[in-house]
Amino acid sequence: AQMFIITVNDLDLSIGPFVGLVSCIGATLLLDNPVAGLLALAALVIVYGAVGALIHLRNLPSIVVTLGLSFVWLGIAVMILPSPGGKAPDWLKAIMTLQTPWVPFPIVAAVVIGVAVHLALMLSSYGVIARGAGGNPKALTRAGWSMLRTKMTMYMLAGLFGVFSGLSLLGLTTAGDAHVADRYTLYSIAGVILGGGEFIGGRVSPLGAVVGALTLALAGSFLIFLKISPDWQIGAQGAILIVVLALRALVTYGEQKR
């Protein structure tokens with residue numbers, strides 16, 4: 001989800017609370033009234049597109065707009081589910097606990113999604129347009145393409161994948177929580193950058209984003225395996241991230257020198 005936003009040279013600081021809101025809707029409304037729940041999730045995706053349009057039309061900084069939006073998502077989530085609770089739909093739990101041979105299902109799903117998005121974003125004609133919206137928007141406009149439509153599409157894709165993220169997390173935790181994904185906002189940015197993306201629009205790698213996210217997750221699991229105190233785990237993850245990014249910068253610098 002964050003990768004789509006970075007593609008158009010923006011940043012989304014609301015994705016964590018948004019995922020938490022989806023988790024709360026999935027554990028309550030989607031469980032009790034599936035049709036209303038699906039309509040609510042679809043409305044959230046449309047709102048994401050509207051936010052993209054607002055940012056583009058008013059030339060607003062995406063960081064400020066999405067930071068304010070994060071409080072909106074969190075407030076709605078707390079109103080729906082003031083404390084952790086609710087229940088994941090049985091079909092969602094069945095999907096997330098699916099047993100696949102040799103490789104756990106979440107990793108299989110992440111790789112499949114990464115490959116599908118890579119093919120769509122890096123090899124299709126519209127993928128070129130989407131990346132061009134971040135890399136060279138003026139050239140895209142001169143070529144006759146609508147920056148407004150492109151930005152709305154990318155924001156709606158981010159909202160769609162945010163919905164997928166929230167439902168996946170709900171299927172794993174089996175209960176809703178407004179704060180379940182607060183820390184994922186910065187993790188999502190780090191995962192995209194760790195996977196080869198850059199803050200210069202258009203320079204992203206869908207497969208790299210998946211690898212970056214898995215690396216962060218595995219780093220956290222490895223620290224737990226080493227029985228490192230939770231008080232030190234966040235700092236240790238940050239140190240690992242800095243080291244990896246420094247090594248990537250050195251490799252890039254060496255390639256440029258050659």
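Modeller: A nonpolar core is a set of buried Ala, Val, Leu, Ile, Met, Phe, Trp, Tyr and Cys residues joined through side-chain atoms within 4.5 Å, where buried means under 20% relative accessible area, exposed over 50% and partly exposed in between, with a 1.4 Å probe and protein chains only. This is a predicted model, in which local features need pLDDT of at least 70 and side-chain atom pairs count only at pLDDT 80 or more, while totals for chains, interfaces and linings use all residues. Residues are numbered from 1 along each chain as its sequence is written, and side-chain values use heavy atoms, with hydrogens and water left out.

Colleague: Which residues does Phe-18 touch, leaving aside its neighbours within four places in sequence?

Modeller: Phe-18 is in contact, meaning heavy atoms within 4.5 Å, with Leu-44, Tyr-48, Trp-73, Gly-159, Gly-162 and Val-163.

Colleague: Why is α2 called oblique to α10?

Modeller: The axes, which are lines fitted to C-alpha atoms over the stretch in contact, with angles from 0 to 180 degrees between N-to-C directions, cross at roughly 55 degrees and come within 8 Å for α2 (residues 15-27) and α10 (residues 147-173). Since angles under 35 degrees count as roughly parallel, over 145 as roughly antiparallel, 65 to 115 as roughly perpendicular and the rest as oblique, α2 is oblique to α10. Among the residues making this contact are Phe-18 and Val-22 of α2, and Gly-162 and Val-163 of α10. The contact residues divide into 10 nonpolar, 6 polar and no charged.

Colleague: How do you know that α4 and α5 are roughly antiparallel?

Modeller: Their axes come within 10 Å and cross at roughly 150 degrees, and α4 and α5 are therefore placed in the roughly antiparallel class. Leu-44, Val-47, Tyr-48, Val-51 and Ile-55 in α4 meet Ser-62, Val-65, Leu-69 and Trp-73 in α5, a set with 8 nonpolar residues, 1 polar and no charged.

Colleague: Which residues of α8 are buried, and what do they pack against?

Modeller: The buried residues of α8 are Gly-127, Ile-129, Ala-130, Arg-131, Ala-133 and Gly-134, and they pack against α1, α7, α9 (137-142) and α10.

Colleague: What makes the phi of Asn-9 stand out?

Modeller: Most residues other than glycine have a negative phi. Asn-9 is not a glycine, yet it has a positive phi of about 70 degrees, and it is found in the loop between α1 and α2. Thr-174, in the loop between α10 and α11, likewise has a positive phi, near 70 degrees.

Colleague: Why are Asn-9 and Thr-174 called partly exposed?

Modeller: Asn-9 has a relative accessible area of 42% and Thr-174 has 36%, so both values fall between the limits for buried and exposed.

Colleague: Where is Thr-97, and how far is it from Arg-58?

Modeller: Thr-97 lies in the loop between α6 (90-96) and α7, and with a relative accessible area of 48% it is partly exposed. The C-alpha atoms of Thr-97 and Arg-58 are separated by 44 Å, and the two residues are 39 residues apart along the chain.

Key
Helices (H or I, at least four residues) and strands (E, at least two) are DSSP runs, numbered from the N terminus. Ala, Val, Leu, Ile, Met, Phe, Trp, Tyr, Cys and Pro count as nonpolar, Asp, Glu, Lys and Arg as charged, and the others, Gly among them, as polar.
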